[in-house]
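Subject: Structure for your review

Dear colleague,

Please find below the structure that I am handing over to you. My findings follow it.

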Amino acid sequence: MSNIFEMERKIDIAWCPGCGNFMIRKTLIETLKNLGLTPEQVVICSGIGQAAKMPQYINCNYFNGLHGRSLPVATAVKAVNPKLTVIAESGDGCTYGEGGNHFLHTIRRNPDITNIVHNNMVYGLTKGQGSPTTMKGVKTTVQVNGYFIEPFDPIGTALSNGAGFVARVCTTDTEKSAEVLKQAIEYSGYALIDFLHPCVTFNKHNNIAWYKENTYWLDNHDESDIEKAFSISRDKQKLALGILYKKDMTVFRKKDNFYTDDNDIALTERKRDVAKLNNLIDSFR
């Protein structure tokens, strides 16, 4: 088995030239290769939108589902086969908007998955209306006088709901982003990466120059200090990049009775005991 995640055939990628999704794709592919994984060991689950096309452009297993529904599918995949490396990825609208409910409750369950959110602060597929993370005052194709709603705070929300790994990165520095992504995939539990990037077509405000001026990478930050992480998350003038918070937590599959110290065989590999199954069915008759 090879660790070639690039598509073996020439493909037509539907992203606009200059879109940050290209850099996220490159970062993800290089990270998976550096981790020594093979395409057979990786599953990427996505929703709908420009960002959700990502798994179609990577040579691995994938499930492209409904709008906002990448996380429950990813949770299920990891539950039935813990040996797989499972990544849920989609855009800020798909994950924080349509999928907002799943976002909250996936954090509570704490499955061992990595959640990459392509955050370009706008809906790109549906032509530029404001998304949950669009900044107040930014003009869009729909909010022509400026977006007037306070933006959703994914970092603060994840922290307040008990996420054990919370990070934010940006395509302005793919090397540092790749290191954070590597740690997120290696982390045992739910890991959020809010991946900032430009939408060159529909978001003229949050461009590369804006990100370079309004973000900074954390230095000598205590990742175990949740109060500090909260304080950093509340700063909307300068957005901190890096791992804001990291804590060891019990993962979802170890909270139920399907996996124990004596039986950690994946559900997909277990043999059915037909006699026990028939007895169980009979008991309900």
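In which loop does Asn110 lie? Asn110 belongs to the loop between helix 4 (100–109) and strand 4 (114–119), where helices (H or I, at least four residues) and strands (E, at least two) are DSSP runs numbered from the N terminus.

Before the details, a note on the basis of the values. This is a predicted model, in which local features need pLDDT of at least 70 and side-chain atom pairs count only at pLDDT 80 or more, while totals for chains, interfaces and linings use all residues. Residues are numbered from 1 along each chain as its sequence is written, and side-chain values use heavy atoms, with hydrogens and water left out.

Backbone angles

Asn110 has a phi near 60 degrees, a positive value in a residue other than glycine. Asn110 is buried, at a relative accessible area of 1%; buried means under 20% relative accessible area, exposed over 50%, and partly exposed in between (1.4 Å probe, protein chains only). Lys127 also has a positive phi, near 75 degrees. Lys127 sits in the loop between strand 4 and helix 5 (154–160), and it counts as exposed, with 51% relative accessibility.

Nonpolar cores

A nonpolar core is here a set of buried Ala, Val, Leu, Ile, Met, Phe, Trp, Tyr and Cys residues joined through side-chain atoms within 4.5 Å. The largest one has 29 residues, and Phe5, Leu28, Leu32, Ile58 and Ile193 have the most contacts inside it. Two or more residues of this core come from each of helix 1 (21–34), strand 1 (42–46), strand 5 (165–170), helix 6 (174–186) and strand 6 (191–196). Apart from this core lies another, of 25 residues, including Ala74, Leu84, Phe103 and Tyr190. Leaving aside neighbours within four places in sequence, Phe5 is in contact (heavy atoms within 4.5 Å) with residues including Ile29, Leu32, Val42, Ile58 and Cys60.

Buried polar and charged side chains

Glu89, in strand 3 (residues 85–91), is buried, with a relative accessible area of 1%. The side chain of Glu89 makes a polar contact with that of His118 at 2.7 Å. A polar contact is a pair of N or O atoms within 3.5 Å; within protein, one must be able to donate a hydrogen and the other to accept it, and residues adjacent in sequence count only if both atoms are side-chain atoms. The C-alpha atoms of Glu89 and Pro55 are separated by 8.6 Å, although these residues are 34 residues apart along the chain.

Thr157 lies in helix 5 and is buried, with a relative accessible area of 15%. Its side chain reaches the backbone oxygen of Asp153 at 2.6 Å. Beyond residues up to four places away in sequence, Thr157 touches Phe103, Leu104 and Phe152.

Helix 2

In helix 2 (residues 70–80), the buried residues are Ser70, Leu71, Ala74, Thr75, Val77, Lys78 and Ala79. These buried residues pack against strand 1, strand 3, helix 4 and strand 4.

Cavity lining

Thr75, Lys78 and Ala79 are among the residues that line the largest cavity, as are Pro111, Asp112 and Phe252.

Yours sincerely

How values were computed: On a 1 Å grid over the protein atoms alone, a cavity is a set of points where a 1.4 Å probe fits but cannot get out, and a pocket is an open set with protein on both sides within 12 Å along at least five of seven lines; lining residues have an atom within 4 Å of a point.
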